[in-house]
Amino acid sequence: MKSKLSFTSDYLEGAYPTILKRLLETNFVKSVGYGLDEFSESARKKIREACDCPKAAVYFLNGGTQTNAVVIDSILKSYQGVVATDIGHISIHEAGAIEFGGHKVLNLPNNYGKISAIEIKSYIENFQQDDNHDHMVEPAMVYISQPTEYGTLYSLKELKAINKVCRNYNLTLYLDGARLAYALACPKNNVSLKDIAELCDVFYIGGTKCGAFLGEAVVIPNPDLIPHFFKIMKQHGALLAKGRLLGIQFDELFTNDLYFKIGHSAIVAANELRNIFKDCGYKLAFDSPTNQIFVILNNKVKENLSAEVEFSFWEKFDDNHTIVRFATSWATNIDDVDKFDKILRKFA
């Protein structure tokens, strides 16, 4: 059976080769459980150094939805909610996980995936000035992601402005870094891991979509913010007994700056795909400089192309066109990009 080219997502492959090698090398080493092993401790030390945040608490969880649900529930009180864009991952693609945990997601309109400090400030002030605010869910956290669901990036200026609003109104700032490696590798990015550690109260470093089999590293720059996060993880069923599986992977990702390099090939491949689409006369839905490409396709072209290439539906553009997403990853083969070029030109 002939296999299709696939640009569906950035977690289709297994793990970066050196991670596989390290897992095999350590397979028969006996270690304690629950992330208290020597590999996880080594990974924590390297992550703290990379963030220039020596006192940070670092925990390893299995996946992005689990991480978001545990972090948000660990911070918010029962009557509080989290502010996010209307296309944020917690707003759309987590099957109501945050609401299931008892907290409302308070959606604001997105601007190419982003939310602005001005919009957050206006929302909070309107809430406070409402005479009925005691009967309403209180906004107590701001959720953003870097890069966004649209593959766009927050600039350092934008992140600082959001931080300032959060400080002024006593809001926790939480950054979802599921695809953070691709943001850090993007030439248009000017936000470092150190900046994120300085400006965000909690964030996580994505592994699942960035070279690991699975796993996300939660970083809490001030450990006193959530003093019993270990127990909260346990309550949520998020504490992996064989925590070494996560620790080993992140220890490898943060050896020799691999995490900062691993996204480069994905950015190169994504830029090639953008150029191919433009050269064939197709219009990009918007500019997304990281590893996700959003393109407007005629529905007939979409149907024909899907016979040879796998990609993701994103949203309806009009009655005759659809916005679809192509995603590259650390493992995207440039030969597949060349093959796609030849396939697309049949429909140009």
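**Close-up views of the predicted model**

View 1. L36 counts as exposed because its relative accessibility is 51%, and exposed here means over 50%. The residue sits in the loop that joins α1 (17-25) to α2 (38-51). Together with V32, Y34 and F230, L36 makes a nonpolar surface patch of about 370 Å². The model shown in this and the following views is predicted.

**View 2. The sheet of 7 strands.** This open sheet has the strand order β2-β8-β7-β6-β5-β3-β4, and its pairing is mixed. The edges are held by β2 (57-61) and β4 (105-108); each has a single partner strand, so one side of each is left without a neighbour in the sheet. On average, neighbouring strands of this sheet are turned by 25 degrees against each other, direction ignored.

View 3. S145 stands opposite D176 of β6. Helix α6 (residues 117-129) packs on the sheet and touches β3 (80-85), β4 and β5, with its direction at about 165 degrees to that of β5. Helix α7 (residues 156-168) also packs on the sheet, where it touches β5 and β6; its direction makes about 145 degrees with that of β6.

View 4. A178 is found in the loop between β6 and α8 (180-185). With a relative accessible area of 13%, A178 is buried, because the cut-off for buried is under 20%. Apart from neighbours within four places in sequence, A178 is in contact with Y204, G206, K209 and C210. H93 is 85 residues away from A178 in sequence, and the C-alpha to C-alpha distance between the two is 13 Å.

**View 5. The sheet of 4 strands.** An open sheet with antiparallel pairing is formed by 4 strands in the order β9-β10-β13-β12. Strands β9 (283-284) and β12 (312-318) stand at the edges with a single partner strand each, so one side of each has no neighbour in the sheet. The pairing of β12 with β13 (residues 321-327) is antiparallel and runs over 5 bridges. F313 stands opposite V324 in β13. Helix α13 (residues 264-279) lies across β9, β10 (292-298) and β13, and runs at about 20 degrees to β10.

Technical notes
Residues are numbered from 1 along each chain as its sequence is written. This is a predicted model: local features need pLDDT of at least 70, side-chain atom pairs count only at pLDDT 80 or more; totals for chains, interfaces and linings use all residues. Side-chain values use heavy atoms; hydrogens and water are left out. Patches are made of residues with over 30% relative accessible area and no salt bridge: like charges are joined within 9 Å, nonpolar side chains (Val, Leu, Ile, Met, Phe, Trp, Tyr) within 5 Å. Accessible areas come from the Shrake-Rupley method with a 1.4 Å probe; for residues, only the protein chains shown count as cover. A salt bridge is a side-chain nitrogen of Lys or Arg within 4 Å of a carboxyl oxygen of Asp or Glu. Helices (H or I, at least four residues) and strands (E, at least two) are DSSP runs, numbered from the N terminus. Buried means under 20% relative accessible area, exposed over 50%, partly exposed in between (1.4 Å probe, protein chains only). Two strands pair if DSSP finds at least two bridges between them. Contact means heavy atoms within 4.5 Å. Axes are lines fitted to C-alpha atoms, for helices over the stretch in contact, and angles run from 0 to 180 degrees between N-to-C directions.
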